[in-house]
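Visitor: I am new to this structure and would like to know what the terms used for it rest on.
Guide: Here it is; ask as you go.

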Amino acid sequence: MPNYDFIITTDRCLMTNHHHKEFLGFLGTGPAIGIPEKVWKWLACPKVKVDEYGRPIEAPYGMRKIEAKLIDEGFNAAIIDPDYIGKYTPTAKALLFSHHDYFAFGPPSSTWWGITKKEPVNYKSFQELINRPEIAEGKKHGMKILVGGPSTWQWLWREDMIEKLGVDTLVDGEGEKVIVKLAQMILDGEELPKYVYVSGDDVPSIEDIPDIKGGSVNGLIEIMRGCARSCRFCSVTLRPTRYYPLDKIERELQVNVKAGIKHGVIHSDDVLFYGAVGILPKPEPLIKLHQLVKKYYKTIAWSHASLAAIRYSEEKYGLVSKLMEIVYQDGNQNYLGVEVGIETGSVRLAKEIMPAKSAPYKPESYPETVEEAFKIMHENHIIPAGTMIVGLPEETEDDVYRTIELVDNLRSYRSILVPMFFVPMGYFKNKDWFTRVKLNDAHIELYKKVFWHDVYWAEDIINKFYMKGPLYYPVKLTLKLFLAIAKRKMKQVESMLESKLRK
């Protein structure tokens, strides 16, 4: 049994591959609805394969980066599945946590929580992990606890949990450089800072960012960091833009293939920004990127893309169609999934909080840009999960109705729409939180419209595109059961609301 000084872990909602279907991970951000929680967890976050030492074959990509940096710098470190950490906590020098949503304050989780008034699965899962007795025992033996990842900010809202768990340091931001300093301080017995905000010289350059050493969940590989659109609600825009060279991307593709991973996700906060000039996509870097990735993966998805970039790329160069020719030409896949940020259908809000999100088109034409991009994706068998922000600080009832109007206009296009409560990030980090505000009639109407849009297209997607083959039959059947239950419950809710209005 290896004796690791630094063990890196997270709870089951992240240490999973979601049955190799990344979108199923969204289910982990909500409570179990209509089916037992055990079944819900199996659907959203099944256990991953591990080796004899409890090291997962696939692990979250960001954790792989921290693991790789520590190893490259000579530290004895490894990612350990949460079910196996008890084998290492008695002697470990430090336990490192990472998470996308520690306390379910993130947009999907807080939305589910606010509507259902039930604790999301990911919240309960992380609470179960940190309350394990082996962690408390490790602390008694001097083990340090470090917290990092994109949702580190949530601990600042839960200072009680910092004290209860005995967290030594919070790392807020990209951690590849600062983790080396902190690890050495731990080995040297030095006092650790309680909070580290990564900025200035501590922001890693491309040379500071290591290649992953082991397989990443669902073959996710990063191609760049940062975004130039400067939306006021987004924390990504606070980071500098850095592009990975193709040889670096290829090395990580090779690591995943060696781990037996044949399907993957191209990750960026906007995939079409790779190699761009400012915010204007360029064909050559993107074509070379997709040719490279398809050389190693049978199927691919995009993590995120902006709607303006989709529209511009296709109208200017026919680029989206060209990229899909590369993706589909070997016959291994017939659709591509991606998350896109719609945010709002209100021109007023678009101009106020995200004027560059529609660029190079004018903010006044933002709803048109959304529709055109959805049309392009529909024609190219790209299936978007379109997120919307409900309850922005400057939002009025009329803004919500403009979003409802946009939802109506998107009905013809294959997609899943995801309205989410506003969460204070980016320049809005100190604003009051929308979960404290009750939904008004306009919000309720928006959620109803989105629900029936999603049910309609979810059935089409499951039947024609998603989870083909006998291996996925149990998962597919469970999803269909969930849709049937959800439709029945929504009809009951609508009937009850209509009865109240008649009275």
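**A cavity and a helix pair**

Guide: The largest cavity holds about 60 Å³ of space, in what is a predicted model.

Visitor: What makes this space a cavity?
Guide: A cavity is a set of points where a 1.4 Å probe fits but cannot get out. A search of the whole structure finds 1 cavity of 30 Å³ or more.

Visitor: Which residues line the largest cavity?
Guide: Among them are Glu 343, Thr 344, Leu 349, Met 388, Ile 389, Val 390, Val 400, Thr 403 and His 443. At least two lining residues each come from strand S15 (382-390), helix H14 (397-409) and helix H15 (441-464). S15 gives the largest share, 3 residues.

Visitor: How do the residues of that lining divide into nonpolar, polar and charged?
Guide: The lining has 6 nonpolar, 3 polar and 2 charged residues. Leu and Val count as nonpolar, and Glu counts as charged.

Visitor: Why are helices H1 and H4 called roughly perpendicular?
Guide: The axes of H1 (residues 37-44) and H4 (residues 121-130) cross at roughly 95°. Angles of 65 to 115 degrees count as roughly perpendicular, so H1 and H4 are given that description. Their axes come within 11 Å.

Visitor: Which residues make the contact between H1 and H4?
Guide: H1 contributes Glu 37, Trp 40 and Lys 41, and H4 contributes Val 121, Lys 124 and Glu 128.

Visitor: How many residues of this contact are charged?
Guide: The contact of H1 with H4 has 4 charged residues, 2 nonpolar and no polar. Lys and Glu count as charged, whereas Trp and Val count as nonpolar.

Conventions:
Residues are numbered from 1 along each chain as its sequence is written. This is a predicted model: local features need pLDDT of at least 70, side-chain atom pairs count only at pLDDT 80 or more; totals for chains, interfaces and linings use all residues. Side-chain values use heavy atoms; hydrogens and water are left out. Axes are lines fitted to C-alpha atoms, for helices over the stretch in contact, and angles run from 0 to 180 degrees between N-to-C directions. Helices (H or I, at least four residues) and strands (E, at least two) are DSSP runs, numbered from the N terminus. Angles under 35 degrees count as roughly parallel, over 145 as roughly antiparallel, 65 to 115 as roughly perpendicular and the rest as oblique. Contact means heavy atoms within 4.5 Å. On a 1 Å grid over the protein atoms alone, a cavity is a set of points where a 1.4 Å probe fits but cannot get out, and a pocket is an open set with protein on both sides within 12 Å along at least five of seven lines; lining residues have an atom within 4 Å of a point. Grid points are joined across faces, edges and corners, and a volume is the space filled by probe spheres set on the points.
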